[in-house]
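Subject: Structure handover

Hello,

Here is the structure I promised to pass on. Please open it first, then read my notes below.

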Amino acid sequence: MTSQRAGGDVLDRPIGLFDSGFGGLTVMRALVDQLPHEDFIYLGDTARAPYGPRPIAEVRQFALQGLDYLAGLEVKALVIACNSASGAVLHDARERYSIPIFEVILPAAKRAVAATRNGRVGVVCTQATATSRSYDDAVAVAADLSLTTKACPRFVEFVEAGITGGPELLGVAQQYLAPLSQADVDTLILGCTHYPLLAGVINYVMGNEVTLVSSADTCAQAVYSGMTRRGLLHEQPRDAVRTFLTTGDADDFHGIGRRLLGGFVTGATTVALD
């Protein structure tokens with residue numbers, strides 16, 4: 001059951017999403033598809049993106065600033081829509097906030113463990129996620145599973161430039177994915193929320209026999225399940241509001257967001273975290 005607070009019903013609060021930049025928009029799009037009657041506030045720390053090459057301690061600091069900002073807007077749940085941030089800050093976030101916290105790593109790991117047929121799973125991710133070994137920890141319960149992790153930093157550059165095909169991207173993808181093919185993985189986690197936008201080229205290189213697991217889609221499914229159990233979702237149709245915040249230039253955010261996801265991003269406002 002939901003609880004009441006002064007000034008309104010918890011049910012009517014928005015869900016807050018935090019990401020280092022633009023990749024988390026794939027999580028938000030998946031959430032809107034599954035929860036069309038919910039309000040969302042998305043905060044992208046584009047002024048300090050990308051998080052992938054940064055030290056874990058710095059990623060933790062920046063992510064907590066973003067989550068603190070969203071919590072201050074009285075959201076009813078927080079979604080860490082970034083693999084790098086999830087790996088750096090999840091434990092702290094669950095101790096720091098009294099509202100439900102969701103992230104992208106554990107749901108994807110669970111799906112991959114369930115999907116693999118030969119026990120060989122791959123992860124493509126940022127350097128920060130690889131360094132954190134978060135996916136290693138998440139799949140540790142599966143004793144017979146072998147995990148191969150490959151950082152693919154240039155994938156983010158291609159996505160944010162709006163490039164999802166062509167010979168240069170294909171060549172980079174073949175180079176990055178070669179160790180995963182050599183490891184004979186049959187399941188591949190797209191361990192950065194930018195990467196679902198490159199699913200076409202990744203599938204082309206890896207082949208149809210390899211199952212791709214999107215951390216964006218599995219996170220959205222986990223949010224649906226968790227919020228339903230808590231009675232925190234609207235049951236009836238209503239006009240929902242999507243708000244986009246950025247620490248960088250609002251026009252740039254809107255332009256890149258529209259380039260990536262079309263009309264899904266409808267505008268943005270610049271905010272300061274530090």
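Which residues in H1 meet which residues in H10? Keep that in mind while you look around. One caution first: this is a predicted model.

**Helix H1 against helix H10**

To the question, then. From H1 come Thr-26, Val-27, Ala-30, Leu-31 and Gln-34. They meet Ala-216, Asp-217, Cys-219, Ala-220, Gln-221, Val-223 and Tyr-224 in H10. By class, this contact of H1 with H10 divides into 8 nonpolar residues, 3 polar and 1 charged. H10 covers residues 215-229, and its axis comes within 8 Å of that of H1. The two axes cross at roughly 45°. H1 and H10 are therefore oblique to each other. Their crossing is right-handed.

Look for Phe-40: its bridge partner in E11 is Arg-242.

**Helix H2 against helix H3**

H2 has a helix partner too. H3 (residues 83-96) packs with H2 at an angle of about 55°, with the axes 8 Å apart. That angle makes H2 oblique to H3. The crossing is right-handed. On the H2 side the contact includes Ile-56, Val-59 and Arg-60. On the H3 side it includes Ser-84, Ala-85 and Arg-96. The contact of H2 with H3 has 9 nonpolar, 1 polar and 4 charged residues.

**The four-stranded sheet**

Now turn to another open sheet. Here 4 strands run in the order E8-E7-E9-E10, again with parallel pairing. E8 (146-151) and E10 (211-214) are the edge strands. Each pairs with a single strand, so one side of each has no neighbour in the sheet. Neighbouring strands are turned by 20° against each other on average, direction ignored.

E7 (residues 120-125) pairs with E8 over 6 bridges. Within these strands, Val-123 stands opposite Thr-149 in E8. Helix H4 (residues 105-115) packs on this sheet and touches E7, E9 (187-190) and E10. Its direction makes about 170° with that of E9. Helix H8 (residues 167-182) lies across E7, E8 and E9, at about 170° to E8.

**Helix H8 against helix H9**

H8 also packs with H9 (residues 199-206), at an angle of about 55°. The axes are 9 Å apart. That makes H8 oblique to H9. The crossing of H8 and H9 is right-handed. Among the H8 residues involved are Leu-169, Leu-170 and Ala-173. In H9, Val-201, Ile-202, Tyr-204, Val-205 and Met-206 take part. What classes make up this contact of H8 with H9? There are 10 nonpolar residues, 2 polar and no charged ones.

**An aromatic pair**

The count of aromatic pairs comes to 9. One of them is Tyr-42 with Phe-253. The pair is tilted, at 6.0 Å centre to centre and with 45° between the planes. Tyr-42 is in strand E4 and Phe-253 is in helix H11 (residues 250-261), so the pair ties together parts that are 211 residues apart in sequence.

**Backbone points to check**

Most residues other than glycine have a negative phi, and most peptide bonds are trans.

- Pro-50 sits in the loop between E4 and H2.

Best wishes

Definitions and conventions
Residues numbered from 1 in each chain as written. Predicted model: local features only at pLDDT ≥ 70, side-chain atom pairs only at ≥ 80, totals over all residues. Heavy atoms only, no water. Pairing = 2+ DSSP bridges. Helix = DSSP H or I, 4+ residues; strand = E, 2+ residues; numbered from the N terminus. Axes fitted to C-alpha atoms, helices over the stretch in contact; angles between N-to-C directions. Contact = heavy atoms within 4.5 Å. Parallel < 35°, antiparallel > 145°, perpendicular 65-115°, else oblique. Left-handed = near helix turned anticlockwise from the far one by under 90°. Nonpolar A, V, L, I, M, F, W, Y, C, P; charged D, E, K, R; others polar. Phe/Tyr/Trp six-rings, centres within 6.5 Å; stacked < 30°, edge-to-face > 60°.
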